[in-house]
Amino acid sequence: MTHQNNSQNSTPKVMVIFPAKNEEGTIENSIATAKQSYYKPDVILVDAFSTDKTTQLAGRAGAIVIQQPTKIFPAKGLAMKAGLREAFDRSADIIVFLDADIRNLTPEWVDKLVKALIDDNCDMSRGFYTRHARDAAVTKLVARPLSGEVCARRKVWENLLKRDNGSGSTPDGWGIDVWFLIEAALSGYHIKEIFMGTKEHTSFEDYREDVSKLSKMAEQVEFTIIREAIKYDRLELQKKVNV
Ligand SMILES: Nc1nc2c(ncn2[C@@H]2O[C@H](COP(=O)(O)OP(=O)(O)O)[C@@H](O)[C@H]2O)c(=O)[nH]1
Ligand SMILES: [Mg+2]
């Protein structure tokens, strides 16, 4: 197979970014596991002013620890943008995001996401999973693929960030994943879902019995989709959809 992109001639510098808020139960193992990837990634933790031992454990596991810029929550978007800036400064070629609350992470998750870019020549790879029936309600009901495990080359991330045209409209909270997804799709990027098996993550335990705890997340995802529809003048398209 021929590749248009030749950065795979030398080994790409892979960086894994974990946004994390109070993840002391899983962070150390997550970082150690990510570091065992075939691609020997450096790991960045973007901390949300955690009040538990997350940052100490992350430092001990060998991660570069930075703080998200402000104490607003939820700040998944702020954290991802801060992580990307740090990875750009550290000359990353390929940047992988992983959630920090995963109990069954293996090094192959990183391998598979990165390999999809290198071997299959897609622009963005995203994890998808066999999930518990009540898990990932927002993803299942509102937008797919939306997992926190997402990987792209530096240039793709840079181009996506430029698409807010300096307006600062890139979401700071839970809207960020769907924002990246829509902007990637509208950029014509080839997005591929990669099957990872099952995903066991601790946040599910918080909403397992009551998915209405995800209402804030669902609202931010929905509003982001509406804002994007307005931005790209696509609201008229809904007339073709039978509701
Ligand atoms: N830096 C930062 N990380 C966050 C914040 N909120 C959640 N996270 C992290 O983002 C990841 C996804 O969050 P999670 O609660 O697991 O989302 P879910 O899996 O969709 O329920 C986890 O690693 C969280 O620790 C935040 O406000 N700031
Ligand atoms: Mg989770």
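## Close-up views of a predicted single-chain model

**View 1. Strands E1 and E4 side by side in the sheet.** Strands E1 and E4 run parallel and are joined by four bridges, where strands (E, at least two residues) and helices (H or I, at least four) are DSSP runs numbered from the N terminus, and two strands pair if DSSP finds at least two bridges between them. Within this pairing, Ile17 has Phe97 in E4 as its bridge partner. The model is predicted, so local features need pLDDT of at least 70 and side-chain atom pairs count only at pLDDT 80 or more, whereas totals for chains, interfaces and linings use all residues. Residues are numbered from 1 along each chain as its sequence is written, while chains are lettered from A and ligands numbered from 1 in the order in which they are written.

**View 2. Strand E4 and its other partner, E6.** E4 and strand E6 (residues 150–153) run antiparallel and are joined by four bridges, and Val96 stands opposite Cys151 in E6. In a regular strand the side chains alternate between the two faces of the sheet. Ile94 and Val96 point one way from E4, whereas Ile95 and Phe97 point the other way, and all are buried. A residue is buried if 20 or more other C-beta atoms, placed from the backbone, lie within 10 Å of its own, exposed if 12 or fewer do, and partly exposed in between.

**View 3. The surroundings of ligand 1.** The shell around ligand 1 has 19 residues, the closest being Pro19, Ala48, Ala79, Ala100 and Ser203; a residue is near the ligand if its C-beta atom, placed from the backbone, lies within 6 Å of it. Strand E1 (14–20), strand E2 (42–47) and helix H3 (76–89) each contribute at least two residues to this shell. Sorted by class, the shell around ligand 1 comprises nine nonpolar, four polar and six charged residues, with Ala, Val, Leu, Ile, Met, Phe, Trp, Tyr, Cys and Pro counted as nonpolar, Asp, Glu, Lys and Arg as charged, and the others, Gly among them, as polar.

**View 4. The loop between H3 and E4.** Ser91 and Asp93 both lie in the loop between H3 and strand E4 (94–97). Ser91 has a positive phi of about 60° although it is not a glycine, and it counts as exposed because it has 9 C-beta neighbours inside 10 Å. Asp93 counts as partly exposed because it has 19 C-beta neighbours inside 10 Å. Between Asp93 and Thr11, which are 82 residues apart in sequence, the C-alpha to C-alpha distance is 9.4 Å.

**View 5. Further backbone features in loops.** Most residues other than glycine have a negative phi, and most peptide bonds are trans. The peptide bond from Phe73 to Pro74, however, is cis, with omega near -5°, and Pro74 is placed in the loop between E3 and H3. Asn121, in the loop between helix H4 (107–119) and strand E5 (124–130), has a positive phi of about 60° although it is not a glycine. With 15 other C-beta atoms within 10 Å, Asn121 is partly exposed.

**View 6. Ala63 and its contacts.** Ala63 lies in the loop between helix H2 (54–60) and E3 and counts as buried because it has 27 C-beta neighbours inside 10 Å. Leaving aside residues up to four places away in sequence, Ala63 touches Ile31, Val43, Ile44, Leu45 and Ala58. The C-alpha atoms of Ala63 and Val16 are separated by 9.5 Å, although these residues are 47 apart along the chain.

How values were computed: Contact = placed C-beta atoms within 7 Å.
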